[in-house]
Amino acid sequence: MTERVARASSRHPWRVIAAWIVAVVASVFLIGMFLEDALSADVEITSQTESNRANQLLSEGFRPTRQELERDVTEVVVVRTEAGSIEDPAARERVESLSSELRSAGATNVVTYAEDERLVSQNGDATVVLVGLGFDAEDNVPAAVDVVERLDAEPGYEAAMTGEWTTEVDFNQLSQDDLREGELFFGAPAALVILLLVFGAVVAGLVPLMLAIISIIVALALVALLGQAYDLSVFTINMLTGMGLALGIDYSLFVLSRYREERTQAREKLDAIATAGSTASRAVLFSGMAFVLAMFGLVLVPSTIFRSLAAGAILVGFVSVIAALTLLPAVLGLLGDRINSLRIPYFGRTAEQAGREGRFWGPVVRGVMRRPVVSLMFSAGLLIALTLPVLRLETGTAGRSTMPDRFESKQGYLLLNEEFPGQTTDPVQIAVGGDASSPEAQAGIERLTAELARRPLFSEPTVTTSESGTVTEVSVPIAGDPVGKRAIEAVRDLRGEVIPRAFAGTNTEVLVTGDTAEELDYHDTVDWWRIPVFIFVLGLSFILLTIAFRSIVVPLKAIVLNLLSVGAAYGLLV
């Protein structure tokens, strides 16, 4: 089948190339129209976790009106004077001016220490301004940040903003920066240099990179369409671009190398393309199928981030295979031996030399085959040794504390923790359900708040009961990064020890939510799904490779090599 596709594409190259040009033009249009709205920095667990149940319970007990949602505080601006008190007349006037500027920038709610004196730091040199950005919060963040940065640039003041939407906007920007600096400014040029050295010709080196870029563009359009129906992470683009470069170049490398090798054997152009199609293209097809099936393993994990990464990888893998099977034979049919044009001095090899055995790898392979047992023990032992540090692997999440210092949310986080230790924009929320107004439940809440007061990581809690009396919310700030290791362990202890002890002997349902609890549920969910995903991926890979090679030993060898190489990579990462 792959041979027939290669022959057909090479005989009608302009038709195939025209179809791909139409696809690329349409993709650029779709990307411009839909991609930005399809992506988000939110990470959600789609299964029924404790934090999800707690959010449902709080929503049932406290049904906010539209006006209340607009007044919801999601950001804080920390303002510090370099001399004097923040309550001096000049500083007070500047804070009030800041409040007006924030409202002009789109804020629907601004609270200063003129309304709440608790918003002044203990030493009196700083204050926090509570900000609600309304329903267009993400769009209003840049204007609000500009207002804060203007104050920060004024002599005598230091100011920064942090919070839910500021962090999300910064994560989006960080993703774009990583994409630009990693894949585009480093990955693609490095790949081009390697391809030029491998093929020794400019045209042959550019073709694989061109196919990779086309695959990325078309796959991005598919992501933009998919994102209209499902929530996708902003990091989908990073995954898609990285995998697109890798797969597009890899698959083109297989087919192009085989074509050049066949031409050195004096095969006619179309016959050489057909032979490459029946051999290298077949390998590409099975490789792509194995990759896509492996990525489907990530779809099993009930997490928007894993499913988003899987979607990006699957789509670009699918497009890369189609491009290698159709577009590349069409390009070869059009160019023929001109694929070797613009030969590079010293590294360049003519088409007649392209298929000869390499001077380095040939002797290496013969040496390994002469001493297979020694070679196996050495290579496997090295990979196992590199894998051992995995036992010390610690996982976590990129929160505000891990972001580069140049971002506004990181600066605000540092200033907030410096001036108001123990305070956060993301408190732990404890939902007490059932008859929350009963004496037993109230006694449990009192024991809970007393226990929280003895734990230094938690600040003073706020207790609010719904009008119906069926739900009580205990909101307690947690110090430091709300998704940091200390905060997560504190909430794990809260769920496992503190709450069961405080509400022992009652029939009250008590659930914990908030950013920290959601992060804890995320970790626990991912940890639980790790083994099923491994079994799914390796099992499907074994079946697919058994069909491809009609062998049991080859798939087992491939799986063992896969585990050794992945383990060594993680070990080096540690």
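This is a predicted model: local features need pLDDT of at least 70, side-chain atom pairs count only at pLDDT 80 or more; totals for chains, interfaces and linings use all residues.
1. At least two residues each come from helix H2 (13–38), strand S1 (39–40), helix H6 (137–153), helix H7 (164–199), helix H8 (202–226) and helix H9 (236–264).

2. The volume of the second largest pocket comes to about 740 Å³, and 28 residues line it. Nearest its centre you'll find Leu 35, Glu 36, Leu 39, Gln 176 and Ile 237. By residue type, the lining splits into 16 nonpolar, six polar and six charged.

3. Next, the largest nonpolar core, which has 78 residues. Trp 20 and Ile 339 are the ones with the most contacts inside it. Two or more residues of this core come from each of H2, H7, H8, H9, helix H10 (269–299), H11 and H17. H11 supplies the largest share, 18 residues.

4. On to aromatic pairs: searching the whole structure turns up two of them. In one, the ring centres of Phe 306 and Tyr 522 are 6.3 Å apart and the planes sit at 35 degrees, so this pair counts as tilted. Phe 306 belongs to helix H11 (residues 304–335) and Tyr 522 to helix H17 (residues 515–549), so the pair ties together parts 216 residues apart in sequence. Buried or exposed, these two residues, Phe 306 and Tyr 522? Both Phe 306 and Tyr 522 are buried.

5. Trp 528 and Trp 529 make up another pair, with ring centres 5.1 Å apart. Their planes are at 75 degrees, so this one is edge-to-face, the label for angles over 60. Trp 528 has a relative accessible area of 58%, so it counts as exposed, the cut-off being over 50%. Trp 529, at 24%, is partly exposed.

6. How many cavities of 30 Å³ or more are there? The count comes to one. The largest cavity holds about 40 Å³ of space. Its lining is made of Thr 162, Arg 400, Tyr 413, Leu 416, Asn 417, Gln 423, Thr 424, Thr 425, Gly 480 and Pro 482. Helix H14 (residues 408–419) accounts for the largest share of that lining, three residues. Sorted by type, the residues lining the largest cavity are three nonpolar, six polar and one charged.

7. Asn 340 deserves a line of its own. You'll find Asn 340 in the loop between H11 and helix H12 (361–370). The relative accessible area of Asn 340 is 14%, so this residue is buried, since the cut-off is under 20%. What does the side chain of Asn 340 make a polar contact with? The partner is the side chain of Arg 260, at 2.7 Å.

8. Last, have a look at Arg 550, in the loop between H17 and helix H18 (553–573). Phi of Arg 550 is near 50 degrees, which is a positive value in a residue other than glycine. With 70% relative accessibility, Arg 550 counts as exposed.

Key
Residues are numbered from 1 along each chain as its sequence is written. Side-chain values use heavy atoms; hydrogens and water are left out. Rings of Phe, Tyr and Trp (its six-membered ring) pair if their centres lie within 6.5 Å; planes under 30 degrees apart count as stacked, over 60 as edge-to-face and the rest as tilted. Helices (H or I, at least four residues) and strands (E, at least two) are DSSP runs, numbered from the N terminus. Buried means under 20% relative accessible area, exposed over 50%, partly exposed in between (1.4 Å probe, protein chains only). On a 1 Å grid over the protein atoms alone, a cavity is a set of points where a 1.4 Å probe fits but cannot get out, and a pocket is an open set with protein on both sides within 12 Å along at least five of seven lines; lining residues have an atom within 4 Å of a point. Grid points are joined across faces, edges and corners, and a volume is the space filled by probe spheres set on the points. Ala, Val, Leu, Ile, Met, Phe, Trp, Tyr, Cys and Pro count as nonpolar, Asp, Glu, Lys and Arg as charged, and the others, Gly among them, as polar. A polar contact is a pair of N or O atoms within 3.5 Å; within protein, one must be able to donate a hydrogen and the other to accept it, and residues adjacent in sequence count only if both atoms are side-chain atoms. A nonpolar core is a set of buried Ala, Val, Leu, Ile, Met, Phe, Trp, Tyr and Cys residues joined through side-chain atoms within 4.5 Å.
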